[in-house]
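User: I'd like to learn how to read a few features of a protein model. Could you take me through them step by step?
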Amino acid sequence: MGPAVPLLVLAIGALAASIEDCPGYTASNVVEADGTLTADLTLSGDACNVYSTDLPNLKLLVEYQTETRLHVKVYDAGLDVYQVQEHILPRPPSQNVSSSDAALQFLLVEDPFSFSISRSSSGVVLFNTTGSQLVFESQYVYLKTHLPKDPNIYGLGEHSDSFRLPTVNYQRVLWNSESPFIPRISNLYGSHPIYLDHRGDAGSHGVFLLNSNGMNININQTEAGDQFLEYNTIGGILDFYFLAGPNPSDVSQQYAEVVGLPAMMPYWTFGFHQCKYEYWDVNYAAEVVGNYSTANIPLETLWGDIDYMDLRQVFTTDPERFPLHKMRELVNTLHQRGQHYIMMLDPGIHRLGNYSTFTRGEEKDVFLKANDGSDYRGVQWAGEVVWPDWIAPNTQGWWTDEISLFFNPESGIDIDGAWNDMNEVSNFCPNVDCDPAQAAKDSNNPPQPTNPPRNNTGRPIPGFPEDFQPDPSTQHSKFRSRQAGSGQMKGLPNRDLLTPSYRINNHRGGLSDFTLYTNITNSDGTYQYDTHNMYGLTMIAATRNGLLARRPGKRPFVLTRSTFAGAGTHAAHWFGDNNSTWADYRVSIPQLLAFAAVHQMPMVGSDVCGFNGAADERMCARWALLGAFMPFYRNHADMSAPPQEFYLWDLVAQAARKAIDARYRLLDYVYTAMYRASSTGVPIVNPLFFVYPADENTFGIDTQFFYGDALLVSPVVDDYAESVTYYLPDDIFYDFWTLEPVRGTGALVAVDNVTWTDIPVHIRGGMILSLRTESANTTALLRRNNFQLIVAPGLDGKAVGSLYLDDGESLDVGDAKSDISFAWDGKTFQANGTFGYSTDVVVESVVILGDQPTTQQGPWGLNEPFKFTLDD
């Protein structure tokens, strides 16, 4: 990592020297109407053709779409340059507001063309391209904006760097790539070309560039110390959405209006999940479930990695190690116990004549094609594979049919969700010179199973059918990387689609290294060169549709590794193949903040205790606690890693029991936050500055976060430490575990003797928390438990909160939902709202915190409003 900064300095210097010779553009035929502006942009001089061919004629479109959203689009006059397809990422409708009513103003400089965006209220400039030339070439687009000194910039994921991005010699590369060990200062699994710029009292705004091409985004300073951000893309257009804020949370909501609101998740998905690559037979998987029960650690969902497949072919099971009849028994048993099962679905389809999923796909012409019209071939887990073209007209139907057939509840495996991995795409062919058949053979893909088939583990598994139990004479024994046509906006002709002159700094090498070749044509005539970053997005949309067809009316659950803008409308995301280290434990927090608060993907989390490498007991205990306060909570490890289930260490088991107990009691609190995210775009997790936007001390904090908007989580972050120093804003808080008041003073607080089963959590004053009176082994049982409400008065003595209730699974609950608001004014407590969800569950008590807490006993039903007043 050491050489990264000086190399970037050289790269930026060389680029600046070359583009200075470019003539830029001149605006003409400017037409202003109420709410719109259009203009022609013409190359101002001789073409510089610095990396490819300058386009002589461009168009400018400016739309005041809403009072808080401004759309600025620069595109080619011939409409040949690739633009993201509307059916993949639908555009938001314009309300065509008057510029005089808009929070943002567009200022055009005609010659040389530049523009700026400013706030209507203050005149503060937010985005300004003056002083640098626009470069718009066939395979290179450049635009630079000024930034304030020492800016607070967040987003531009996916990355494993700090939440507040560095501002000197820093580069974000957007090119989806398999990224084992989540390397720093690198492109990772997803691309989200949006940043949030927070300026304290001056407010926050967002800048979203709707462009799916690979790009380098540089954040740096000039020699004179002037701050800037510059876009360097290898194609596409400049399609900007400027979001006015002014509060940070407003920016999140406005971004959701552009890319879509996140999908509402099923209630059960907030339970605890367990997975490992190398649960090598169905008996092993069942035993893991039994062991969690024996250890008294609630387990909601078991996951099946590629182990279950017959030689790693999707939509198959290993007939000896995962026989279908026994898999059906496993899933039926889980369902009888109120638990769930999710299985892996990779995109690579084994190219084999007697493999029915492949042959049916061939018949329907659903696979990506090479230049000669044959199926494009590569290597993935099953060996030599082909990949679905998710844009092709028959692909959705084929994929839905495969899902419906294999996961048929009556004859197949009745899964509860699907897991899409390897969808960046990951291709084991290292480069364009690869022979897929030979590469599969050389890499031993697929490998033959190494463990012999067995009827059972030799140990009894409590709660499972006879098929899983040993013969009476069997002796008991002890427990014992995933990396191996013109005018149609489909892309200019005659481009170098494999090695463009401008190089993005993909950490895997060339554009086509270890992924789909970028000269592959999609069925609609577009190229992987332009659509690469959206392969995962199109796959998860197809998977979600397939699951919906299988269970109409039920919320689907899809987990994806690869993401692009708008992915949250279809799926949840985990942060990929991290490492079992303290460093990756810590970096899961800035990853969480970026996805949940900026990128509109609320259902996110890391592989708890780490995917690669050997998990350490004390680190795993800390991670079990931290993970319980993230929306998606799953323990997962690689086949090369030792087992790391929570029950394998006494210390980790203790930490997990405490963590899951708190998580489950709080599950309706975070489920309510999920509902707010899916209906309004309000973040499910908040950085501190989202809650305290004027407090400069919060702007760089990425080792603490608000779970929802009321719970401040401040984990121990140092290696093997039993102390932590965290920041408490100038406000009143209450210790979540003891309920004692703690006065924050806008200063750091040092706490010692934080045991390995503890994590500091505080309730923010002014909030009302809804908790179940006790936890449960499954979320189905949890839903039967009553509530206790915790009132945490603010400095003004008042507090508010809310609780959302529904059946937890219906896609459209209609009026069968309750959205209850709670308010405490210092004397009277009131519950109002809508009460469309009928329930027998009640509020048993209300606890009002303070120096002398007061408990008011109920019960109060949750089918109608209620109130009470405390006597003086």
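User: Thanks! To start, is strand E11 (residues 170-174) largely enclosed or open?

Analyst: First, some background: this is a predicted model, where local features need pLDDT of at least 70, side-chain atom pairs count only at pLDDT 80 or more, and totals for chains, interfaces and linings use all residues. Residues are numbered from 1 along each chain as its sequence is written, and side-chain values use heavy atoms, with hydrogens and water left out. Buried means under 20% relative accessible area, exposed over 50%, and partly exposed in between (1.4 Å probe, protein chains only). Helices (H or I, at least four residues) and strands (E, at least two) are DSSP runs, numbered from the N terminus. In E11, 5 of the 5 residues are buried, so the strand is largely enclosed by the rest of the structure.

User: Which residues of E11 cover each side?

Analyst: In a regular strand the side chains alternate between the two faces of the sheet. Here Tyr170, Arg172 and Leu174 lie on one side, with Gln171 and Val173 on the other, and all are buried.

User: Where does E11 sit in its sheet?

Analyst: Strands of a sheet pair through backbone hydrogen bonds, either parallel or antiparallel. Two strands count as paired if DSSP finds at least two bridges between them. This open sheet has 5 strands in the order E8-E9-E16-E15-E11, with antiparallel pairing. Strand E8 (135-136) and E11 are at the edges with a single partner strand each, so one side of each has no neighbour in the sheet.

User: How many bridges join E11 to E15?

Analyst: E11 pairs with strand E15 (residues 215-221) over 5 bridges, in the antiparallel sense. Val173 has Asn216 of E15 as its bridge partner. E15 also pairs with strand E16 (residues 227-233), antiparallel over 7 bridges, and Ile217 stands opposite Tyr231 in E16.

User: What does Ile297 touch?

Analyst: Contact means heavy atoms within 4.5 Å. Not counting residues up to four places away in sequence, Ile297 touches Tyr292, Phe646, Tyr647, Ala653, Ala656, Arg657 and Ile660. As for Gly373, its C-alpha is 54 Å from that of Ile297, and the two residues are 76 apart in sequence.
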